[in-house]
Amino acid sequence: MPGPTQNPIEDFADELDGETVGGVAIVKGTNLRLGRVLLLERGSLALPSPCVFINAEGGTPPRGVMGTARENDFSTMVEVYARSARHDYEGGLNFARALLAFLHHRDVTNYVSVRAMQSEPIHDDENSADQHVFLSTFRVDYHA
Amino acid sequence: MPTSGITTTVEVSTDDSTYYDVDGTDTVSEDRTRMKLMSTDFAQSGVAENSFAGLSSGNFQASGAWEGSDTNGQVAVRTAQSDGSTLYVRVLYDGTIGSKAACKVFSCQKNSTVDGRVEFSWTGDFIEIPTDVT
């Protein structure tokens with residue numbers, strides 16, 4: 001099956017939805033958002049704090065294996081942004097670290113592995129709403 | 001027209017009748033050799049080397065990622081190594097044309113790295129002269 005058959009953004013969101021991470025109850029559509037359109041805009045103020053955004057970042061080319069099924073190994077990069085409340089660097093960092101610990105090496109159905117690409121979240125920036133943004137990138141592998 | 005490796009299939013059979021894909025295969029190679037026998041006396045000068053053909057030999061070598069659920073493919077290879085049974089190997093380089101031979105699997109390896117796949121590689125040595133599949 002040529003694939004890609006999985007949607008890592010949706011699957012990551014489903015994995016986090018309903019969980020409490022770093023003391024934060026995560027609810028998809030509320031403080032868990034797909035993409036990052038609102039992350040850097042002032043519209044971000046309308047969302048709860050802290051908030052998590054999930055974005056896909058391409059990954060490496062599919063690695064085909066021989067055989068009539070034309071199967072492939074897919075390797076995708078998934079970005080997880082943790083956004084703090086206004087002027088709350090420490091709260092944002094702690095939330096980002098909790099997310100990293102929650103997702104690194106997590107056993108997610110239909111995936112071979114989920115691995116953090118950094119040992120600590122990266123302080124990405126402070127957005128125009130004075131909220132701190134931390135980024136953790138994960139390499140997500142699956143076979144289809 | 002040149003062919004692409006993605007079209008290659010590696011198949012095995014225990015009865016030379018029904019063949020199954022060896023899943024997860026990344027690479028395969030076929031090595032057909034024949035022993036070179038020398039018939040030239042030593043220390044001759046001005047004489048060309050003289051040799052003649054000995055017995056045919058060779059093997060298929062394949063590697064990829066381990067899939068323990070591939071009962072009729074990878075597991076069959078492991079079984080053939082364990083019990084010394086004959087394994088029929090067929091490699092079709094463009095999915096249609098290739099080679100096949102009865103083989104004995106004298107070696108298979110699994111290698112695991114913490115950040116990578118579990119690699120699986122094996123060698124099937126010919127016990128007959130391989131034939132072309134067309």
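**Exercise 1.** Which residues does Thr40(B) touch, not counting residues up to four places away in sequence?

*Solution.* Before we start, a word on the model: it is predicted, so to speak, and local features need pLDDT of at least 70, side-chain atom pairs count only at pLDDT 80 or more, while totals for chains, interfaces and linings use all residues. Residues are numbered from 1 along each chain as its sequence is written, chains are lettered from A and ligands numbered from 1 in the order in which they are written, and side-chain values use heavy atoms, with hydrogens and water left out.

Step 1: find Thr40(B) in the loop between β3 (25-38) and β4 of chain B. Helices (H or I, at least four residues) and strands (E, at least two) are DSSP runs, numbered from the N terminus.

Step 2: look for contacts, meaning heavy atoms within 4.5 Å. With those sequence neighbours set aside, Thr40(B) touches Ala48(B), Glu49(B) and Asn50(B).

Step 3: check the exposure. Buried is under 20% relative accessible area, exposed is over 50%, and partly exposed is in between (1.4 Å probe, protein chains only). Thr40(B) has 25% relative accessibility, so it counts as partly exposed.

Step 4: Thr14(B) is 26 residues from Thr40(B) in sequence, and their C-alpha atoms are 44 Å apart in space.

**Exercise 2.** Work out where the buried residues of helix α1 (residues 74-83) of chain B sit.

*Solution.* Step 1: list them. They are Gln74(B), Ala76(B), Val77(B) and Ala80(B).

Step 1: look down the helix axis. The buried residues of α1(B) fall within an arc of 165 degrees, so they line one face of the helix. The arc is taken from the directions from the helix axis to the C-beta atoms.

Step 2: recall a rule. An α-helix has 3.6 residues a turn, so residues three or four places apart point the same way.

Step 3: turn to the face away from the buried side, which carries the exposed residues Ser82(B) and Asp83(B).

Step 4: see what lies over the buried residues of α1(B). The cover includes β1 (9-13), β4 (51-65), β5 (87-92), β6 (98-112) and β7 (118-126) of chain B.

**Exercise 3.** Where does Asn110(A) lie, and is it buried or exposed?

*Solution.* Step 1: Asn110(A) is in the loop between α2 and β7 (113-116) of chain A.

Step 1: its relative accessible area is 54%, so Asn110(A) is exposed.

Step 2: although Asn110(A) is not a glycine, it has a positive phi of about 80 degrees.
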